[in-house]
Amino acid sequence: TFTSLHHATRSATRYAAVSFGLDAALLALAFAFAPLDWEVGVDRAPVALTLATAGLVGLFLAGGYRLTQPVRLAPARLAPLGLSLGIALAWLVLKLAFQKARIYDLNPPALEGFVPTVLALAALTALHRALHLRALHRAEAARPVFLLADPSTATSLIARLRARGFTGEVREVDATQLQALGTRPPPGTAPTAPPRAIVLARPLSSLARPELEALAVTRASGLPVSSAARFEEDLFGYTPLRTPDDPWLLMDEALVRRAPLYLGAKRLLDLILTVLALPLALPLVLACAVVVRLTSRGPAFYRQTRAGLHRRPFSLWKLRTMVADAEAATGPVFAGQDDPRVTRLGRFLRRSRLDELPQLWNVLIGDMSLVGPRPERPELDHLLAPEIPFYALRHLVRPGLTGWAQVHLGYGASTEDAFRKLEHDVYYLKRASFSFDLAILVRTVPVVLGLRGR
């Protein structure tokens, strides 16, 4: 065959090996030569080895050695967090174990030495990953995409890719060219660089036997083959839903796979972060409530019915950002850009998302999660469901305070906006994981600080 290993597998293996070597070297140098104020009588070697090992385990659990295709920078973002938490937890365990065994009290090194060392390690692990991943991304982008489609479909798909900002080369291929990909080149001939992807944009039933056999051989050779919808999903971070005749969405096991361990960890994360955030958020919420009450007529807080998990209704709390009785004349409608019903203070609260802080209470009692699709009003839900395909999928998980759609798109003001948000929500449903939830929470911070709400 053309190749014995998938190109992505080779890239991932090389990336993991290089990253592990650099991480191990950085940890060894840090704990061996950094100016740490170790307690007199402490055997430095086993403690340093334990902390370094814990840092590597934290990097592994945070996805620091996992490479996704297409190449993404998420491992570089989460790696510092995994390393820091691993070292901190290892130190705590060592301290408690030594106290229990009455060996000696293992006090942490002086903060002026230990904390900067850990922070420097976290920064360096993120830096070398970012540089390596960017190099891989450039190499990936330089490889062409092979497209198996009829002319009209090919033209439409290429136009859609270009509209989304895809600048890579796209070549249309036939069965003969596919067979050449899956065949070892003649002696003395340089092997062809593997394509970025082979995109099948035709129904399988329309393929002739030579084309089916060529696809089978190509895939068995380790080359990436995907449907047009799956390629768009991997490339742009959303699940295209305008092709309901494509069975890959309905048959995807990721939509129904909900590991109990993940669900338990997600709920535990909700509770821990909410309990930690409430003492900080409460004074801010009360101060905003006072200003809302003083600057416009009506209550400071606004309670609204929303559709939750499995469409069960619940009461969602917000700081009021519109004039009192804003929907008295219109009934439930989308909030539009520069909506005249929004007060001057409310505009700031919505842009900074401070109006949503009271929903921490909804997270605490289990109506919502920190991460998930934003809950919609039942009245709008009933209007959107007949218009948008697969709309009911968003009710398979608890709604969230933030989500994959929120960090990309902001508020929705139309049916088309709701459709685009659903494409991102379904992408989240298929890839929901503890690390993905953490990544979304991290990406929410610049959204809030940059006042990117609407």
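Keep in mind that this is a predicted model. Let's start with helix H7. On the side of H7 turned away from its buried face, you find Arg-209 and Ala-220, and these residues are exposed. Which residues of H7 are buried? They are Glu-211, Ala-214, Leu-215 and Thr-218. Look down the axis of H7: the buried residues fall within an arc of 100°, so they line one face of the helix.

Now a quick check on the length of H7. The helix has 12 residues, 209-220. At 1.5 Å a residue, H7 should span 16 Å. Its end C-alpha atoms are 16 Å apart, so expectation and model agree.

On to the sheet. In what order do the strands run? The order is S2-S1-S3-S4. That makes 4 strands in an open sheet, with parallel pairing. S2, residues 170-172, and S4, residues 225-227, stand at the edges. Each has a single partner strand, so one side of each is left without a neighbour in the sheet. On average, neighbouring strands are turned by 30° against each other, direction ignored.

S1 covers residues 145-148 and S3 covers residues 197-200. They pair in the parallel sense, over 4 bridges. In one of these, Phe-146 has Ile-198 in S3 as its bridge partner.

Last, what packs on this sheet? Helix H8 does, residues 228-236. H8 touches S1, S3 and S4. The direction of H8 makes about 100° with that of S4.

That's my part. Thanks.

How values were computed: Residues are numbered from 1 along each chain as its sequence is written. This is a predicted model: local features need pLDDT of at least 70, side-chain atom pairs count only at pLDDT 80 or more; totals for chains, interfaces and linings use all residues. Side-chain values use heavy atoms; hydrogens and water are left out. Helices (H or I, at least four residues) and strands (E, at least two) are DSSP runs, numbered from the N terminus. The expected span of a helix is 1.5 Å times one less than its number of residues. Buried means under 20% relative accessible area, exposed over 50%, partly exposed in between (1.4 Å probe, protein chains only). The arc is that of the directions from the helix axis to the C-beta atoms. Two strands pair if DSSP finds at least two bridges between them. Axes are lines fitted to C-alpha atoms, for helices over the stretch in contact, and angles run from 0 to 180 degrees between N-to-C directions. Contact means heavy atoms within 4.5 Å.
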